[in-house]
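Biologist: Please take me through one part of this fold, and say for each label what it rests on.
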Amino acid sequence: KDKQNATKEKAEDLVKGLELEIPDLKKKSSVMKPLLESEDRLDFLQKFSALKASPPTKDWSKFAVDVTLDPQTANAFLVLSSDRKQVHSVQKKVDAPDDPKRFSHIFAILGEQSFSSGKFYFEVEVKGKLFWGLGVAEEFAERTGMISFNPENGFRTICIRKGEKLKANESQPVDVVWSVLEKVGVFVDFDEGSVAFYDVDTPAPIYTFTNNSFVKLRPFLGSFPSYGLLNLKPLTICPVNETA
């Protein structure tokens with residue numbers, strides 16, 4: 001009887017595990033369908049590799065870090081909340097001292113914390129924000145002038161710009177097939193050389209940068225121009241809900 005109960009419990013655990021994977025599989029299926037219909041083989045390989053490389057979502061919370069934003073790096077058209085967890089763009093430049101650490105032209109900001117080994121994870125709420133970018137940047141990444149946020153310049157980011165769809169900023173930007181996002185998780189693994197992005201609410205992988213070599217990374221947020229009143233919503237660093 002004990003053996004029978006143990007077998008039953010094992011089966012129930014297996015069923016629960018499979019149920020948790022269903023949303024992920026559905027999302028991957030919706031992404032794979034247009035990829036299989038595409039005639040662009042390079043595009044297919046990039047996006048398929050990104051899906052395949054994503055680590056299990058249930059492991060996220062174990063590597064959660066507390067992120068606050070660094071005002072010294074903030075573009076002069078960005079305003080931070082008092083707790084440095086939230087940032088939004090404004091139409092009028094704020095009075096900010098010149099600083100080589102500051103993004104001069106791009107509406108962007110870095111996290112205060114830096115990481116040089118292991119794994120780390122954080123979440124950003126993008127709900128209601130029409131145009132935004134987020135990910136990680138190398139400590140040495142250029143912050144002056146007009147910058148392309150690609151790996152060659154020390155950035156691993158995804159973004160939505162005005163008039164465009166969601167993109168992964170590879171050397172050649174990759175269109176990412178996705179519905180509306182409200183909260184995005186960023187998972188970095190130094191040993192694997194990967195930066196993975198997740199739709200937290202699904203949960204499901206969005207895109208993964210692979211085969212990277214990192215030195216020292218900091219969280220990156222881009223709160224792009226307000227475009228009148230279209231893009232005034234903030235980006236918010238969120239607490240991570242722990243999973244079993």
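Biologist: What makes both faces of strand 10 count as covered?

Modeller: In this predicted model, Ser-194, Ala-196 and Tyr-198 on one side are buried, and so are Val-195, Phe-197 and Asp-199 on the other. Buried means under 20% relative accessible area. Six of the six residues in strand 10 (residues 194-199) are buried, and the strand is therefore mostly covered.

Biologist: How do you know that strand 9 and strand 10 pair?

Modeller: Two strands pair if there are at least two bridges between them. Strand 9 (residues 183-189) and strand 10 have six bridges, so they pair, in the antiparallel sense. Val-188 has Val-195 in strand 10 as its bridge partner. Four residues lie between the strands of this hairpin, where Gly-193 has a positive phi near 70°.

Biologist: What makes strand 11 a partner of strand 10?

Modeller: Five bridges join strand 10 to strand 11 (residues 204-209), and at least two are needed, so these strands also pair. They run antiparallel, with Tyr-198 opposite Pro-205 in strand 11. The two form a hairpin with four residues between them.

Biologist: Why is the second largest pocket called a pocket?

Modeller: It is called a pocket because its set of points is open, whereas a probe in a cavity cannot get out. The volume of the second largest pocket is about 230 Å³.

Biologist: Which residues lie nearest the centre of the second largest pocket?

Modeller: Trp-132, Ile-160, Ser-179, Val-180 and Leu-181 do, out of 16 lining residues. The lining has ten nonpolar, two polar and four charged residues.

Technical notes. Residues numbered from 1 in each chain as written. Predicted model: local features only at pLDDT ≥ 70, side-chain atom pairs only at ≥ 80, totals over all residues. Heavy atoms only, no water. 1 Å grid on protein atoms, 1.4 Å probe; cavity = no way out; pocket = protein on both sides within 12 Å on 5 of 7 lines; lining within 4 Å. Points joined across faces, edges and corners; volume = space filled by probe spheres on them. Nonpolar A, V, L, I, M, F, W, Y, C, P; charged D, E, K, R; others polar. Buried < 20%, exposed > 50% of the residue type's maximum accessible area, 1.4 Å probe, protein only.
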